[in-house]
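Dear colleague,

Please find below the structure that I am handing over to you.

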Amino acid sequence: MSGMHRNRVKSQGKFRLFIQMLATVFFNGYIAGIMKGKIFTGKSKGICVPVLNCYSCPSALGACPIGALQTVAGGAKHKISFYALGILILFGVILGRLVCGFLCPFGLFQDLLYKIPLKKISIPKKIDKPLRYLKYGILLLFVLVFPAIITDQYGTGEPWFCEYICPAGTLEGGLFHVAVNPQLRGLVGNLFYWKVFVLLVVAIGAMKISRCFCRYLCPLGAFYSLFNRFSCYQMHVNETKCTHCKACEKVCPMALRVTEEINGGECIRCGKCQAICPECAVTRNFSLKEKSNISE
């Protein structure tokens, strides 16, 4: 790799990290909440952010769209939150899973964990491929179906994903509140320990498997993946320039066959393939017109 090429890779990595950190601060800018140990309740909390960001995080300035979908689905009337759904569709149509690659705080958390120098794990394709469908099941069942059909005596359901799975909620909200509120420490039970266990499994997984939560469990990633092929933001491989050296596949955090799957549902648009390509065969752009994956 030439010096110029190496500098391009480093520059792209620094730029993406800067955007990820900026987005995390933007979505979690209420520092007073951390100092006081209280959840922010201002007007902006009624606005859905486009990323997985726990409502219970004391510094969170907006509402998590997954939480909003569950709350409305589990309400007495069991409706769909068209506002939250509209926000997700808007970002899905414009950016696709670029949201996952550049804006999601929990995505940044996984990226930082993967930098820890431990032996990495490569999941065989015959196991990896079916596991990726798990997040669609979580989106359908834990976010939409279970809150609507499994109800209490008053006809309301629980936020199943937030309550039983979401590691972002445990990281950003649960652990913090238990740490700063002595009263809560005496009330924690098996559910809290289960959530901590899930967080630990995801964290260890993220150290060994790049973006493991995004690959297999995230319902928000599942939703955005439905728009990747049709979003305004697209990536392309110029077949005339591509030498099939597979350098792009070696750095892809989602373990994709880049030349074939660059606009598939699993690509998080991180740009690593573009930065590493020695022939500059990978490009990206905003377009309102549908284009093929391979540029002629």
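Which residues make a nonpolar surface patch of about 420 Å²? The patch is made by Ile 89, Leu 90, Val 93, Ile 94 and Phe 286. Patches consist of residues with over 30% relative accessible area and no salt bridge, like charges being joined within 9 Å and nonpolar side chains (Val, Leu, Ile, Met, Phe, Trp, Tyr) within 5 Å. Areas follow the Shrake-Rupley method with a 1.4 Å probe, and for residues only the protein chains shown count as cover.

Before going further, please note that this is a predicted model, in which local features need pLDDT of at least 70 and side-chain atom pairs count only at pLDDT 80 or more, while totals for chains, interfaces and linings use all residues. Residues are numbered from 1 along each chain as its sequence is written, and side-chain values use heavy atoms, leaving out hydrogens and water.

Helix H4 (residues 82–95) gives the most to the patch, with 4 residues. Helices are DSSP runs (H or I, at least four residues), numbered from the N terminus. Leu 90 is found in H4 and counts as partly exposed because its relative accessibility is 45%; buried means under 20%, exposed over 50%, and partly exposed in between.

Helix H3 (residues 65–73) is largely enclosed by the rest of the structure, because 7 of its 9 residues are buried. The buried residues of H3 pack against H4, H8 (134–149), H9 (160–164) and H14 (219–225), contact meaning heavy atoms within 4.5 Å.

The axes of H6 (residues 105–114) and H10 (residues 167–180) come within 10 Å and cross at roughly 95 degrees. That makes H6 roughly perpendicular to H10, a term for angles of 65 to 115 degrees. Axes are lines fitted to C-alpha atoms, for helices over the stretch in contact, with angles running from 0 to 180 degrees between N-to-C directions.

There are 9 salt bridges, each a side-chain nitrogen of Lys or Arg within 4 Å of a carboxyl oxygen of Asp or Glu. In one of them, Arg 211 pairs with Asp 111, the closest N and O atoms being 2.9 Å apart. Arg 211 lies in the loop between H12 (190–208) and H13 (212–216) and Asp 111 in H6, so the pair ties together parts that are 100 residues apart in sequence. Arg 211 is buried at 0% relative accessibility, and Asp 111 is buried at 13%.

Yours sincerely

Methods. Helices (H or I, at least four residues) and strands (E, at least two) are DSSP runs, numbered from the N terminus. Buried means under 20% relative accessible area, exposed over 50%, partly exposed in between (1.4 Å probe, protein chains only). Angles under 35 degrees count as roughly parallel, over 145 as roughly antiparallel, 65 to 115 as roughly perpendicular and the rest as oblique.
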